[in-house]
Amino acid sequence: MIFSKNDKLVMIGDSITDTERKRPYGEGRGEATGKGYVSAVSALINSVYPELSLRIINMGISGNTVRSLKERWQTDVIDLQPDWVSIMIGINDVWRQYDQSVIKETHVYLEEYIRTLDELVKSTKPLVKGIILFTPFYIEPNANDAMRKTMDEYGRAVKEIAASNQTRFIDVQAAFQPVLEHTYPAELAWDRVHPNMTGHMVLARAFLKEVGFDWNKE
């Protein structure tokens, strides 16, 4: 387990992270951390590793792109003084190119995506113990699907950013693959983007694997 006692983890992203979390800060009682993978991660870590007293804050906002993250990075990440930061962003950067194809100003193309995400990682890394980067994903097994192909390009960019900055890395698309071999995409997400709880557990499991969670700990 990479976390130490009393560490603070800020998990930031779009609607996949948000999942109706508490405002302004996604922490506290009840469903304050939302109804998705952040809540699952929090519940599992704090039930299996209660001695860590890990503080998890969900700062996801629905509809966000990497451009949106840049605008709120100071207040929603840096000012919170986290020990660790996880970032899952890129789905809307790609999706707007397909569901709003003529509204060009909503598109975040690959060059801007890489430049902005790399800037955020580089500026934040000296201030924290570590950063965990998720790839964006599309719950579609056909790698030749147009949006899936674009999403994979953004995912490869995240992998390169993680490698060049020596951060933690989670390939979400790869994590979904074994599930998609047995499950039709619509059963996991009606729009192939917003997963049900099974999909969110795929995300949580991938995260926990990367941070060294011991499923056999007593």
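How far apart do the end C-alpha atoms of residues 12-200 lie? In this predicted model, the end C-alpha atoms of that span lie 15 Å apart.

The strands come together in an open sheet. The sheet has 5 strands, in the order S2-S1-S3-S4-S5, and the pairing is parallel. Strand S2 (55-58) and strand S5 (168-170) stand at the edges. Each has a single partner strand, so one side of each is left without a neighbour in the sheet. From one strand to the next, the twist averages 15 degrees. In general, the strands of a sheet pair through backbone hydrogen bonds, in either a parallel or an antiparallel way. Strand S4 (residues 130-134) pairs with S5 in the parallel sense, over 3 bridges. Within this pairing, Phe 134 stands opposite Ile 170 in S5.

Helices pack on this sheet. Helix H3 (residues 66-76) touches S1 and strand S3 (84-88). The direction of H3 makes about 160 degrees with that of S1. Helix H6 (residues 146-165) lies across S4 and S5. Relative to S5, H6 runs at about 165 degrees.

Aromatic rings also meet within the fold. The structure holds 7 aromatic pairs. One of them joins Phe 3 and Trp 84. This pair is edge-to-face, with 5.4 Å centre to centre and 90 degrees between the planes. The pair links distant parts of the chain. Phe 3 belongs to the segment before S1, Trp 84 belongs to strand S3, and the two are 81 residues apart. Both Phe 3 and Trp 84 are buried. A second example is the pair of Phe 137 and Phe 176. The ring centres are 5.3 Å apart and the planes stand at 35 degrees, so the pair is tilted. Phe 137 lies in the loop between S4 and H6, while Phe 176 lies in helix H7 (residues 172-180). The pair therefore ties together parts that are 39 residues apart in sequence. Phe 137 is buried, as is Phe 176. Elsewhere, Tyr 37, Phe 134 and Phe 207 form one aromatic cluster.

Is Asp 7 buried or exposed? Asp 7 counts as buried because its relative accessibility is 2%, below the 20% cut-off. A polar atom of the Asp 7 side chain lies 2.8 Å from the backbone nitrogen of Ser 4. Apart from residues up to four places away in sequence, Asp 7 touches Ser 53, Leu 54, Arg 55, Asp 83, Trp 84 and Lys 129. Trp 84, in this list of contacts, is also the partner of Phe 3 in the edge-to-face pair.

The other residue is Ile 56, in strand S2. Ile 56 counts as buried because its relative accessibility is 6%. Which residues does Ile 56 contact, leaving aside its neighbours within four places in sequence? They are Leu 9, Met 11, Gly 26, Glu 27, Thr 33, Val 38, Val 41 and Ser 42. Ile 56 and Trp 215 are 159 residues apart in sequence. In space, C-alpha to C-alpha, Ile 56 and Trp 215 are 19 Å apart.

Definitions and conventions: Residues are numbered from 1 along each chain as its sequence is written. This is a predicted model: local features need pLDDT of at least 70, side-chain atom pairs count only at pLDDT 80 or more; totals for chains, interfaces and linings use all residues. Side-chain values use heavy atoms; hydrogens and water are left out. Buried means under 20% relative accessible area, exposed over 50%, partly exposed in between (1.4 Å probe, protein chains only). A polar contact is a pair of N or O atoms within 3.5 Å; within protein, one must be able to donate a hydrogen and the other to accept it, and residues adjacent in sequence count only if both atoms are side-chain atoms. Contact means heavy atoms within 4.5 Å. Two strands pair if DSSP finds at least two bridges between them. Helices (H or I, at least four residues) and strands (E, at least two) are DSSP runs, numbered from the N terminus. Axes are lines fitted to C-alpha atoms, for helices over the stretch in contact, and angles run from 0 to 180 degrees between N-to-C directions. Rings of Phe, Tyr and Trp (its six-membered ring) pair if their centres lie within 6.5 Å; planes under 30 degrees apart count as stacked, over 60 as edge-to-face and the rest as tilted.
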